[in-house]
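Take a look at the sequence and the fold below. The text then walks through the model from overall layout to single contacts.

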Amino acid sequence: MAEEREASGSGQERPSTAADRRGRRSGPAPTGDKGRATAVRDGRPAKVSLPKRLVRFLREVVAELRKVIWPTRKQLVTYTIVVLVFVSFMVALVWLLDLLFAQGVMLLFGT
């Protein structure tokens, strides 16, 4: 297939290696900045004290809580009832399965 592309003159060859497909050369790495330490970033902000960081954190928490859409009382009661019914159903199901497995073990091994 690559021969067909070369023969057609489109100039597009299929990359032979994964590095070529990602746009990297598979040959030796170019020389230059490799092998030396990363330059210190001058634009880096200075360290802020712990109390200032805590105050900023609390401000951000309050700002996020203001964005929350709180449920109405009716929604809250509805969701609570749904959760309680679901949990009651699951407790009953586990209890029933436990009872059935206990009976099966008693029948299988007996006392």
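What follows covers the layout, the confidence, the helices and the side-chain contacts.

This is a predicted model, so local features need pLDDT of at least 70 and side-chain atom pairs count only at pLDDT 80 or more, while totals for chains, interfaces and linings use all residues. Residues are numbered from 1 along each chain as its sequence is written, and side-chain values use heavy atoms, with hydrogens and water left out.

Start with the layout. The protein has four helices and zero strands. Its pattern along the sequence is α-α-α-α. Helices (H or I, at least four residues) and strands (E, at least two) are DSSP runs, numbered from the N terminus.

Confidence comes next. pLDDT is the predictor's confidence in each residue, from 0 to 100. The protein has a mean pLDDT of 81, and 64% of its residues reach 70 or more. Among its elements, helix α1 (residues 2-8) has the lowest mean pLDDT, 53. Helix α4 has the highest, 97.

How much of the protein counts as buried? Of its 111 residues, 1% do. Buried means under 20% relative accessible area, exposed over 50%, and partly exposed in between (1.4 Å probe, protein chains only). The protein exposes about 11,400 Å². Carbon and sulfur atoms supply 63% of that area. Accessible areas come from the Shrake-Rupley method with a 1.4 Å probe; for residues, only the protein chains shown count as cover.

Now turn to helix α3 (residues 50-67). It has 18 residues and reaches 26 Å from its first C-alpha to its last, close to the 26 Å expected at 1.5 Å a residue. The expected span is 1.5 Å times one less than the number of residues. Zero of the 18 residues of α3 are buried, so the helix lies largely in the open.

Where are the salt bridges? A search of the whole structure finds two. A salt bridge is a side-chain nitrogen of Lys or Arg within 4 Å of a carboxyl oxygen of Asp or Glu. One joins the side chains of Arg56 and Glu60, at 3.1 Å from N to O. These residues are four apart in helix α3, and about one helical turn separates them. Arg56 is exposed at 56% relative accessible area, whereas Glu60 is partly exposed at 41%.

Another salt bridge pairs Lys67 with Glu64, with the closest N and O atoms 3.1 Å apart. Here the residues are three apart in helix α3, again separated by about one helical turn. Lys67 is exposed at 59% relative accessible area. Glu64 is partly exposed at 45%.

Finish with helix α4 (residues 73-109). Its 37 residues should span 54 Å at 1.5 Å a residue, and its end C-alpha atoms are 54 Å apart, which agrees. Gln75 lies in this helix and is partly exposed, with a relative accessible area of 35%. The side chain of Gln75 reaches the backbone nitrogen of Thr72 at 2.9 Å. Just after α4, Gly110 takes a positive phi of about 55°.

Terms used: A polar contact is a pair of N or O atoms within 3.5 Å; within protein, one must be able to donate a hydrogen and the other to accept it, and residues adjacent in sequence count only if both atoms are side-chain atoms.
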